[in-house]
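Please read these points with the structure open beside you, and take each one slowly before moving on to the next.

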Amino acid sequence: MATEFSSTRSDILMDMPLRLLLVSLLFVTSLFAQNDPEYSQPFPPHHIIGNVYYVGSKGLASYLITTSQGHILINSNLKTSIPQIRASVEKLGFRFSDIKILLISHAHFDHCAGSALIKQLTGAKYMVMDADVPEIEAGGKGNFRYGDSPDMFYPPTKVDRVLHEGDEVKLGDVVLVAHITPGHTKGCTTWTLKVRDGGRTYDVVIVGSPNVNPGYKLVGNTKYPQIAQDYERGFRTLKALPCDIFLGAHGGYYDMEEKYAHLNSSGANPFIDPAGYKSYIADREQAFQAELKKQSEATH
C-alpha cells in the first residue's frame with residue numbers, strides 16, 4: 001500500500017525539488033500497489049476440498065463455494081479481475097451466472113473493486129460486515145488509512161445485507177459464518193464453514209487479514225482510536241477458531257503456490273494444514289505486538 005507522508009511546518013520550508021521528489025515517490029508507490037503484477041497474473045483454478053474452489057489470481061485470492069442452489073463468491077478483487085475470475089469459474093465446469101451471493105474479506109480495493117461489476121453481471125446479493133459497509137458504499141472514501149488516496153478508491157457499491165459478528169450466510173446446504181477480525185479494516189471478516197470430503201468433516205477458515213500495513217498508526221490514531229484493541233480482539237478470535245483447511249485473502253498467507261504444486265501428488269491433501277494456521281496467526285500476532293511496542297515507545 002502507499003507510503004505515508006505527513007505535512008508539518010518543516011515540510012513547508014522544505015526546498016521545492018525535494019518536495020516534488022517526495023510527491024513523485026508517493027505517486028509511484030501508490031501506483032505500484034495498484035499494479036502489483038501478481039495481482040493480475042493468472043493462476044490455475046483448482047479444487048481445494050469438498051465444495052471449495054480457488055478462482056483467484058496469483059496474488060489475489062478468490063473462492064467459489066458451490067451449492068445445490070447456486071454459488072457463493074468470496075472476493076471480487078480488482079475491477080480488471082472479473083474476466084479472469086469468470087474464466088476460472090467456467091474452466092472448473094461451473095456457470096458464472098449461478099453466483100448468487102458475493103462476500104469479501106475486507107474493504108480494500110484489491111478485494112472489492114470488482115464487486116459492482118459482479119453484481120451487475122450476476123445479480124448476486126452483496127453481503128458485507130457492518131463496520132466496512134460505509135466504505136464499500138462510498139467507494140473507499142472514509143478509510144482510516146487510504147480515505148484520502150484517490151488511487152485506492154473503487155466503484156461505490158450498494159450492500160444488500162449488512163452482516164454482524166456471528167451471522168450465518170446460507171445457500172443450499174452450505175452455511176458460512178462471519179467472524180469480525182478487525183484492525184486491518186474496521187470490518188475485516190474471517191469466514192468459516194464446514195465441508196465434507198472423503199467421509200470426513202473439515203473446518204475451513206478463510207482469514208480476512210491480520211496484517212499491519214505500512215503507515216498504520218496503532219497509537220494515537222484519531223481516525224481509528226480503538227485500532228490496537230481491535231487487532232487484539234481479532235487475534236483472540238483467530239486463535240479460538242478450529243481450523244483444518246487454512247485459506248486467506250492472499251494466497252501467500254497459506255503458501256498457496258507450494259501447496260498447489262503438491263495437490264495432485266499421492267498422499268494427504270496439502271491444504272489440510274492446522275499447524276500452518278496456528279503458526280501463521282502466531283507470527284502475525286508477534287509482528288503486531290512488535291509494531292505496537294515500537295510505536296508506543298516512540299510516543300514517550
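1. The structure under review is a predicted model.

2. Two cavities of 30 Å³ or more turn up when the whole structure is searched, and the second largest cavity holds about 40 Å³ of space. Its lining consists of Thr181, Pro182, His184, Ser209, Pro210, Tyr231, Gly234, Phe235 and Leu238, and these residues divide into five nonpolar, four polar and no charged.

3. Which residues of helix 6 are buried? In this helix, which covers residues 115–122, they are Ser115, Ile118, Lys119 and Thr122. Seen down the axis of helix 6, the buried residues fall within an arc of 100°, so they line one face of the helix. Their cover includes strand 4, helix 4, strand 5, helix 5 and strand 6, while Gly123, which follows helix 6, has a positive phi near 75°.

4. The count of salt bridges comes to 12. One of them joins the side chains of Lys58 and Glu38 at 3.7 Å, N to O, and this pair links distant parts of the chain, with Lys58 in the loop between strand 2 and strand 3 and Glu38 in helix 3. Glu38, Lys58 and Glu257 are linked in a network of salt bridges.

5. Another salt bridge brings together the side chains of Lys223 and Asp148 at 3.3 Å, N to O, although these two residues lie 75 residues apart. Lys223 counts as partly exposed because its relative accessibility is 46%, whereas Asp148, at 66%, counts as exposed.

Key:
Residues numbered from 1 in each chain as written. Predicted model: local features only at pLDDT ≥ 70, side-chain atom pairs only at ≥ 80, totals over all residues. Heavy atoms only, no water. 1 Å grid on protein atoms, 1.4 Å probe; cavity = no way out; pocket = protein on both sides within 12 Å on 5 of 7 lines; lining within 4 Å. Points joined across faces, edges and corners; volume = space filled by probe spheres on them. Nonpolar A, V, L, I, M, F, W, Y, C, P; charged D, E, K, R; others polar. Buried < 20%, exposed > 50% of the residue type's maximum accessible area, 1.4 Å probe, protein only. Helix = DSSP H or I, 4+ residues; strand = E, 2+ residues; numbered from the N terminus. Arc of directions from axis to C-beta. Contact = heavy atoms within 4.5 Å. Salt bridge = Lys/Arg side-chain N within 4 Å of Asp/Glu carboxyl O.
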